[in-house]
There are 2 protein chains.
Amino acid sequence: MARPVLHDYFRSSASYRVRIALNLKGVAYDQQMVNLVSGEQRGESYRALNPQGFVPALEIDGQLLTQSLAIIVYLDQKFPEPRLMPADPADGAHVRAMAMTIACDIHPLNNLRVLKYLGGELGIGEAARDEWYRHWIAEGLAALETMAAPRAGAYLFGESPTVADICLVPQLYNARRFSVPLDAYPTLLRADETASADPAFAAAHPDRQEQPR
Amino acid sequence: MARPVLHDYFRSSASYRVRIALNLKGVAYDQQMVNLVSGEQRGESYRALNPQGFVPALEIDGQLLTQSLAIIVYLDQKFPEPRLMPADPADGAHVRAMAMTIACDIHPLNNLRVLKYLGGELGIGEAARDEWYRHWIAEGLAALETMAAPRAGAYLFGESPTVADICLVPQLYNARRFSVPLDAYPTLLRADETASADPAFAAAHPDRQEQPR
């Protein structure tokens, strides 16, 4: 089988999620960096791969897959161990809901294209854009802390990593970059700390990827 | 088994998705309306159910489930027929990516809380807010049309409804409310037309739900 190719950007949280999942599954892959800051993702050749013009996109098994959570479900089906989503439907729904609290309700609001629209079309200044960024993180993480606390262990759900942790770690990386206070989220911080000690998470960190020139 | 209770709002697209899924599965349920316009979802009693303060939330099998796509996966596992996601991992990834193009990259940007923040904290006027709303729909639907076209049938993927159609129909309902031009998306319109003739979709339409007083 050809090695999978991840179309990637070091600071993209959605790409960071897929890097973690590939590492947890022990799937070796090649990386193709797409320079988001120079706008490469909006160029014709990348759009031919992914019409959304987003990273990540994963070439695997002769397919081109997009959307980080769809890619992670695919990986979980093709490489069953370790499971990234609990088998029990109710436990699975809980874990997926936590993942989507980040992937649907925090991350898309703080995406580069949205910040650009705020600054460009709407003429919002940098301080107000930063406030926007922090606002949606704080709102989402507060809800996530309440959701996670009753059933968390060392990770957000029990003692092994799930897709919820895979979404959490990149989101907290972003939160720290924008100096969002995190003390009110002890359950999230504990899961983040556990995950950061796991080589699969550590190797996916933005600082350990190719940096754009 | 107690009948499931859907905490619902007639115009919430995420609730609309879950109504369609319950109807497709033939699961009878009760509805508990949450008045989003009066702010009931932010009240203490509703937040005790769902810390995010969003609809839908589904009480089922002694659980309280949140996040529409997590609820739909749960329903698909507990009530296997008809399948809402293809069994083949690559087909499933394609269908999930289409669903998430709507659920992650269009819908959250146009949520009520976001429009309120734009109008309130950022002082953006109604015309520019409407433009924002239309912008993200147009950008997302254009990508979705390109993604869907090669493998669509009467529905977005083949000849039976999937979670992608379940996300599409409420999103097109919103698009029409805001007069977004749709002629450039023939594949999406065909799937929407097919779905609208299906009683499970039709019965979930906002006009057929309890209206707030």
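This is a predicted model: local features need pLDDT of at least 70, side-chain atom pairs count only at pLDDT 80 or more; totals for chains, interfaces and linings use all residues.
Residues are numbered from 1 along each chain as its sequence is written, chains are lettered from A and ligands numbered from 1 in the order in which they are written, and side-chain values use heavy atoms, with hydrogens and water left out.

**The two chains**

Two copies of a chain are related by a rotation about an axis and a shift along it.

**Where the chains meet**

Next, select the residues in contact (heavy atoms within 4.5 Å), and you will find 40 residues from chain A and 40 residues from chain B. The two chains bury about 3,800 Å² between them, 70% of it on carbon and sulfur atoms, where buried area is the accessible area (1.4 Å probe) that two parts lose on being put together, summed over both. Since 100% of the interface residues of chain A are also interface residues in chain B, the copies meet through the same surface.

Now show the side chains of A:Glu139 and B:Arg113, which meet in a salt bridge at 3.1 Å, N to O. There are 2 salt bridges between the chains, each being a side-chain nitrogen of Lys or Arg within 4 Å of a carboxyl oxygen of Asp or Glu.

Then highlight helix 6 (126–148) of chain A, one of the elements that give two or more residues to the side touching chain B. This helix gives the most to that side, with 9 residues; helices (H or I, at least four residues) and strands (E, at least two) are DSSP runs, numbered from the N terminus.

**Inside chain A**

Which two domains does the assignment give for chain A? Select domain 1 (5–82) and domain 2 (89–200), remembering that such bounds come from an automatic or database domain assignment. Their C-alpha centres lie 19 Å apart, and the contact takes 14 residues from domain 1 and 18 residues from domain 2. Between them the domains bury about 1,500 Å², 67% of it on carbon and sulfur atoms, and the count of salt bridges is 0. On the domain 1 side, helix 1 (13–25) and helix 3 each supply at least two residues, and the largest share, 8 residues, comes from helix 1.

**Backbone details**

Zoom in on A:Pro56, in the loop between helix 2 (44–49) and strand 3 (57–60) of chain A, where the peptide bond from A:Val55 to A:Pro56 is cis, with omega near 0 degrees. Move on to A:Asp61, in the loop between strand 3 and strand 4 of chain A; this residue has a positive phi of about 55 degrees although it is not a glycine. Finish in chain B with B:Pro82, which lies in the loop between helix 3 (68–78) and helix 4 (89–103) and is joined to B:Glu81 by a cis peptide bond with omega about -15 degrees.
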